[in-house]
Amino acid sequence: MKCAKCGAELKVGCIYCSVCGQEAQIVPDYNLLEDDLLKELLRDEKKQGEAGKTRKSAEEKKPQPKKKKKKKTLVIAAAVGAVLALVILIVLLVNYNHNNSYDYQMDKAETCIADKNYAKAQKYLERAVELQEDSTEALQLLADVYLAQDEKDDAVDILKRMIEIEKDNKEAYQKLIEVYAGLEDYEAIAELSKQVTDRDILDLFSDYLVTAPVIEESDYDEEEGLHISAQTGTTTYYTLDGSDPKKGKEYEDAIFLEEGTTTIRMISVNELGIYSEETECTFEVEFEPPEAPEVTPDGGSFNVPQQITIDVPEGCRAYYTWDGSDPTANSERYNAPLEMPEGNNILSVILVDKNDRWSEVTKCNFIYIP
């Protein structure tokens, strides 16, 4: 090791040069260029170190956030946010359930009805029916709202639905009858009554139902004919050829039938134009010929002239001969008592009824000798 000032060799362990007294400095055994490069590098490193210290010092001087406090604040904020979100969700859920509840819809509908806002009431009631399909209360109000808006077909559908749910719903039947009557659809009223068995409900139809007419006789009497019994205040029509009785003859008096098979169809109608059920009856008619006529006296020997009478039933004609031959339509017709002719004579008498049926011949032998 040499002294940097005078170049003398320095002894090991000496701090100062023994020749010039200069403080000992290490002089490396490499060239000057390398030494300059090393010094330059050392200076750069020193500058970088000083800059780093400066930044560090500035950062140390800058107030640092308290990490624990910040973390705690974030946790609290998150918790509050979660609670708030839950409250909002609950409020929304409660509000949704309330607005979509059956009771809410009914309350709003009744308010709208009171205000005569039927269109809006209809929407609430339709929603109420969706929420509770078997609610006859909601259906009844909905039917009323439809009627208030003159939507009769929709009202009829709703009232029928009520009856399907409650077959003894008297109010639904009453309202439906009124709607049909307003439409003058009396056939619909009659059809509706067919499904009713309850006596109280059937009474609702009393002004709109007509009892079917009936034939009083079970057997046909050709003298009396047939008589139809019908509800008071109605008109009855009938046919004898099986055709539609609505286009038939009006019943006024006894009906007389021809021989053979006859089907009678009859129907009654009231002043409102409501028809009854149709009644149909069939009669087999076979006319009996009249019995042989009775003659008084019925024969014998006489010395004194006698008047002879023939019993002629109502609806019949009598013909007679005195020569013993059978009478015909060309023979003498009996109109008054007969004078008895002299001698031995045979009186022949026959009856013909209104249907041109001929009786057996009655023969009487009269012997008159004055």
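## Overall composition

A residue is taken as buried when its relative accessible area is under 20%. By that criterion, 31% of the 370 residues of the protein chain count as buried. The model is a predicted one.

The protein chain contains nine helices and 14 strands. Among its contacts between residues at least 6 apart in sequence, 51% join residues at least 24 apart.

In soluble globular proteins, nonpolar side chains tend to be buried together. Here the largest nonpolar core comprises 40 residues, and Tyr173, Ile189 and Phe205 have the most contacts inside it. Two or more residues of this core come from each of helix H3 (102-114), helix H4 (118-131), helix H5 (136-148), helix H6 (152-165), helix H7 (170-182) and helix H8 (186-193). Another core, of 15 residues, lies apart from it and includes Phe302, Ala318, Leu338 and Leu351.

The surroundings of Tyr173 can be listed in detail. With neighbours within four places in sequence left aside, Tyr173 is in contact with Ile163, Lys167, Leu192, Gln195, Val196, Ile201, Leu204 and Phe205.

## Packing of H3 against H4

Two packed helices are described by the angle between their axes and the distance between the axes. For H3 and H4, the axes come within 8 Å and cross at roughly 160°. Angles over 145 degrees count as roughly antiparallel, so H3 is roughly antiparallel to H4. Their crossing is left-handed.

On the H3 side, the contact involves Tyr102, Gln105, Met106, Lys108, Ala109, Cys112 and Ile113. These meet Tyr118, Lys120, Ala121, Tyr124, Leu125, Arg127, Ala128 and Leu131 of H4. By class, the residues of the contact of H3 with H4 are eleven nonpolar, one polar and three charged.

## Packing of H6 against H7

H6 and H7 pack with their axes 9 Å apart, at an angle of about 150°. The two helices are therefore roughly antiparallel to each other, and H6 passes H7 in a left-handed crossing.

From H6, the residues in the contact are Lys152, Val156, Leu159, Lys160, Met162 and Ile163. H7 contributes Ala172, Tyr173, Lys175, Leu176, Val179 and Tyr180. The contact of H6 with H7 has nine nonpolar, no polar and three charged residues.

## Buried residues in strands

Thr262 is located in strand S5 (residues 260-269). Its relative accessibility is 10%, and Thr262 therefore counts as buried. Neighbours within four places in sequence aside, Thr262 is in contact with Leu240, Leu257, Cys281, Thr282 and Phe283.

Val352 belongs to strand S13 (residues 343-352). This residue counts as buried because its relative accessibility is 0%. Not counting residues up to four places away in sequence, Val352 touches Gly315, Cys316, Arg317, Tyr319, Arg357 and Trp358. Val352 and Pro289 are 63 residues apart in sequence, and their C-alpha atoms are 8.2 Å apart in space.

Methods: Residues numbered from 1 in each chain as written. Predicted model: local features only at pLDDT ≥ 70, side-chain atom pairs only at ≥ 80, totals over all residues. Heavy atoms only, no water. Core = buried A, V, L, I, M, F, W, Y, C linked by side-chain atoms within 4.5 Å. Buried < 20%, exposed > 50% of the residue type's maximum accessible area, 1.4 Å probe, protein only. Helix = DSSP H or I, 4+ residues; strand = E, 2+ residues; numbered from the N terminus. Contact = heavy atoms within 4.5 Å. Axes fitted to C-alpha atoms, helices over the stretch in contact; angles between N-to-C directions. Parallel < 35°, antiparallel > 145°, perpendicular 65-115°, else oblique. Left-handed = near helix turned anticlockwise from the far one by under 90°. Nonpolar A, V, L, I, M, F, W, Y, C, P; charged D, E, K, R; others polar.
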